[in-house]
Amino acid sequence: VEKFGGEVKVKKVPIPKVKPGQVLIKMEAAPINPSDIAYIQGKYGIKNDPPFKVGLEGSGTVVANGGGLLGWYLMGKRVAGITTTSGIGTWAEYCVTMSKQVVALDDRLSFEQGASYFVNPLTAIAFRQFMEKENHKACVQTAACSSVGKMVYRLLNKEGYDVINIVRRDDQVAIMKNLGAKYVLNSSDPDFEKKLKELTHQLKATCFFDAVGGDMTYTVLKNMPPFSICHLFGHLSGKPTNGIDSSHLIFTNKQIKGFYLGIWIRQQSLKNRLIWSRFFSQEMDKILKTDIAKCYPLEKANEAIKFYTENMTMGKVLLKPSL
């Protein structure tokens with residue numbers, strides 16, 4: 001990308017060289033995530049000066065390593081990987097990243113499923129951790145019909161939590177109902193706030209996972225019970241969160257907390273990482289399964305981005321160098 005907000009251009013460059021602690025992955029599939037689009041637009045938390053490469057996660061095969069036990073262990077293995085701040089670039093034939101940010105894929109997992117191994121599943125697992133640690137009985141989530149929203153619903157529902165799913169169209173209500181969701185609200189309905197307030201108080205929903213930001217953050221939070229916490233993890237609205245009544249937050253003891261997955265991952269213990277790995281192996285084809293809408297070759301990245309932004313509820317769009 002040669003300028004923020006510009007088109008993605010495909011260029012032939014030398015294969016990246018591995019440094020100590022790194023591996024080189026021959027890429028097979030990489031998803032388009034909202035974070036990738038924000039990164040292209042210069043609106044993501046991580047910024048690199050143009051021109052820059054794109055792609056935060058993906059899957060492939062390790063074909064070279066920079067040494068170390070982990071690097072040699074991963075050699076020749078089918079893996080999923082997430083990039084570093086300076087090494088972004090999974091939308092490519094080859095990508096370099098740190099060995100510790102790569103995991104070997106279970107034999108049952110395809111490259112397509114492995115491509116979305118990190119961002120959405122780990123977000124869902126983090127939210128389950130918040131529910132447990134903060135002692136919530138029920139939660140609210142926006143953008144519930146997105147890939148991560150469906151994953152969060154499936155995981156928390158399995159764990160016995162009530163989830164109030166907020167969408168913005170009637171067809172999305174139907175999709176969530178077909179998944180088995182009991183509580184689905186359309187934010188476009190004229191009585192949305194009334195229904196939301198009744199439901200959050202009835203279910204004692206004191207946790208809010210917000211992918212939208214903007215006006216939606218406070219619209220939902222003000223209709224939740226006292227002591228509620230909003231974990232703001234996305235900015236799909238593209239707008240600032242204005243109009244917050246400070247007195248309301250103070251006298252109801254409510255909080256708005258930012259959540260960035262990269263920081264959360266770095267705070268986790270080795271024990272937790274091993275638990276995730278086992279859990280992923282069991283659930284990536286069930287609860288943590290990613291719906292895949294379409295695959296495109298690298299040369300059609302801009303067409304793929306357009307399709308994804310217009311059809312996010314259909315599932316993930318993947319870029320595959322081999323197509």
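A crossing of two helices is called left-handed if the near helix is turned anticlockwise from the far one by less than a right angle, and right-handed if clockwise. In this predicted model, local features need pLDDT of at least 70 and side-chain atom pairs count only at pLDDT 80 or more, while totals for chains, interfaces and linings use all residues. Residues are numbered from 1 along each chain as its sequence is written, and side-chain values use heavy atoms, with hydrogens and water left out.

**The chain as a whole**

- The chain contains 12 helices and 13 strands, where helices (H or I, at least four residues) and strands (E, at least two) are DSSP runs numbered from the N terminus.
- Of the 323 residues in the chain, 51% are buried, a word that stands for under 20% relative accessible area, found with a 1.4 Å probe on protein chains only.
- Along its principal axes, the C-alpha trace of the chain spans about 55 × 40 × 35 Å.

**Helices α4 and α5**

- The axes of α4 (residues 119-133) and α5 (residues 147-158) come within 9 Å and cross at roughly 45°, with axes being lines fitted to C-alpha atoms over the stretch in contact, and angles running from 0 to 180 degrees between N-to-C directions.
- α4 passes α5 in a right-handed crossing.
- Residues of α4 including Asn-120, Phe-127 and Arg-128 meet residues of α5, among them Ser-147, Met-151 and Leu-155.
- The residues of this contact between α4 and α5 divide into 10 nonpolar, 3 polar and 1 charged, with Ala, Val, Leu, Ile, Met, Phe, Trp, Tyr, Cys and Pro counted as nonpolar, Asp, Glu, Lys and Arg as charged, and the others, Gly among them, as polar; contact means heavy atoms within 4.5 Å.

Terms used: Buried < 20%, exposed > 50% of the residue type's maximum accessible area, 1.4 Å probe, protein only.
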